[in-house]
Amino acid sequence: MPEPVADLHLHTNYSDGTETPERLVELAKQAGLSAMAITDHDNMDAIAIAAPMAQRHGIELIPGVEMSASAEGLEVHLLGFFLDVTHVGLQQHMAEQKARRVERIHEMVGRLQKIGVKIEADEVLQLAGQGTVGRPHVARTLLKHGYISTFPEAFTKYIGPDNPGFVPGSPLLPARIIRVILDAGGVPVLAHPIYLKRDELIDQFVKDGLAGLEVYHSGHPPDVVRRYEAIADRLRLLRSGGSDFHGDSKEGLPVGAVKVPYALVEALKQWKCSRHG
Ligand code: AMP
Ligand code: ZN
Ligand code: FE
Ligand code: FE
């Protein structure tokens with residue numbers, strides 16, 4: 001028997017991924033996963049939709065989420081695992097963030113229009129449909145209208161941190177997001193620390209209640225993985241990992257591109273049991 005493996009960072013079209021929840025489960029099955037976590041941005045609606053398909057395929061579906069915060073002007077992404085989807089505080093937080101994201105799109109499109117980019121907020125919002133809207137929906141709209149020729153170009157020319165169309169994401173502190181995740185019975189994990197580029201901030205997040213670090217990620221080359229393994233050991237943090245699959249938005253990156261041993265899932269569960277009972 002091969003060792004069971006999991007991909008703990010996956011997006012669906014309930015946020016900025018392009019695959020449906022059901023299709024994501026099928027891709028996970030093809031990738032040979034025993035467990036998968038759906039971690040849409042500020043949205044957990046895909047979990048219930050994917051659940052019957054996961055059950056049919058014998059895949060353990062872990063309820064997850066990815067939430068945005070900001071620290072010292074930098075964007076911080078926090079993953080939550082094993083949360084209680086019905087928790088009122090969690091639901092309220094996600095509803096607030098969803099509304100804030102819509103406002104942000106209007107602001108971004110307004111800024112782009114000022115520099116002569118003729119796209120409409122309604123088109124971006126329609127792309128997101130029932131899910132949470134984000135910058136990748138703006139990128140896809142720019143691509144469709146020929147303002148860019150590749151998806152990543154959107155983030156270097158129009159909507160990246162140094163570009164004219166950029167509007168920062170959530171202004172909330174990581175401590176606040178960690179609290180939301182803990183209150184909902186979840187396990188808070190710092191996502192893709194490489195993008196934060198400030199390892200020293202992790203110590204503060206641990207004081208705020210952070211439980212784990214996403215050591216394994218499609219954006220982490222081997223030397224970076226070793227660095228975060230060492231930091232996780234030093235700070236006694238759980239380790240998680242996943243592909244950060246977004247479908248067509250990140251071309252060529254398949255579900256299961258980053259797999260972790262199922263033992264890491266067990267460790268996350270154990271942490272939840274000892275903390276939340
Ligand atoms: P948002 O939450 O609206 O700020 O959008 C963040 C998402 O945009 C991330 O989860 C990525 O999927 C995507 N993204 C951010 N930066 C880049 C980039 N440089 N290239 C491609 N996708 C990116
Ligand atoms: Zn995303
Ligand atoms: Fe992220
Ligand atoms: Fe992500």
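Predicted model: local features only at pLDDT ≥ 70, side-chain atom pairs only at ≥ 80, totals over all residues.

Student: Which protein atoms are the donors of the iron ion (ligand 4)?

Tutor: Look for N, O and S atoms within 2.8 Å of the metal. Here they come from His9 (NE2), His11 (NE2), Glu66 (OE) and Asp244 (OD), at 2.1 to 2.3 Å from the iron ion (ligand 4).

Student: What is the arrangement of the four donor atoms around the iron ion (ligand 4)?

Tutor: Four donors count as tetrahedral if all angles lie between 85 and 135 degrees. The angles at the iron ion (ligand 4) run from 76 to 164°, which makes the arrangement irregular.

Student: How are the donor residues of the iron ion (ligand 4) spaced in sequence?

Tutor: The spacing reads H-x1-H-x54-E-x177-D.

Student: Are His11 and Glu66 buried or exposed?

Tutor: Buried means under 20% relative accessible area. His11 has 0% and is buried; Glu66, at 1%, is buried as well.

Student: How many residues does the largest nonpolar core have?

Tutor: A nonpolar core is a set of buried nonpolar residues joined through their side chains. The largest one has 72 residues, and Met36 and Phe81 have the most contacts inside it. Strand S3 gives the most to this core, with six residues. Another core, of 19 residues, lies apart from it and includes Val109, Leu112, Ile119 and Val124.

Student: Which residues does Met36 touch?

Tutor: Leaving out residues up to four places away in sequence, its contacts include Asp7, Leu10, Leu24, Val25, Ala28 and Ile59.

Student: How many aromatic pairs does a search of the whole structure find?

Tutor: Two. To classify a pair, look at the angle between the ring planes: over 60 degrees counts as edge-to-face. Tyr147 and Tyr158 are edge-to-face, at 6.5 Å centre to centre with 80° between the planes. Tyr147 lies in the loop between helix H5 (135–144) and helix H6 (153–157), and Tyr158 in the loop between H6 and helix H7 (174–183), so the pair ties together parts eleven residues apart in sequence. Tyr147 is partly exposed at 25%, whereas Tyr158 is buried at 13%.

Student: What kind of pair do Phe151 and Phe155 form?

Tutor: Their ring centres are 5.7 Å apart and their planes are at 50°, so the pair is tilted. Phe151 is buried, at 15% relative accessible area, and Phe155 is partly exposed, at 28%.

Definitions and conventions: Residues numbered from 1 in each chain as written. Chains lettered and ligands numbered in written order. Heavy atoms only, no water. Donors = N, O, S within 2.8 Å, 3.2 Å for Na, K, Ca; no water. Tetrahedral: all angles 85-135°; square planar, octahedral: opposite > 155°, others 65-115°. Buried < 20%, exposed > 50% of the residue type's maximum accessible area, 1.4 Å probe, protein only. Core = buried A, V, L, I, M, F, W, Y, C linked by side-chain atoms within 4.5 Å. Helix = DSSP H or I, 4+ residues; strand = E, 2+ residues; numbered from the N terminus. Contact = heavy atoms within 4.5 Å. Phe/Tyr/Trp six-rings, centres within 6.5 Å; stacked < 30°, edge-to-face > 60°.
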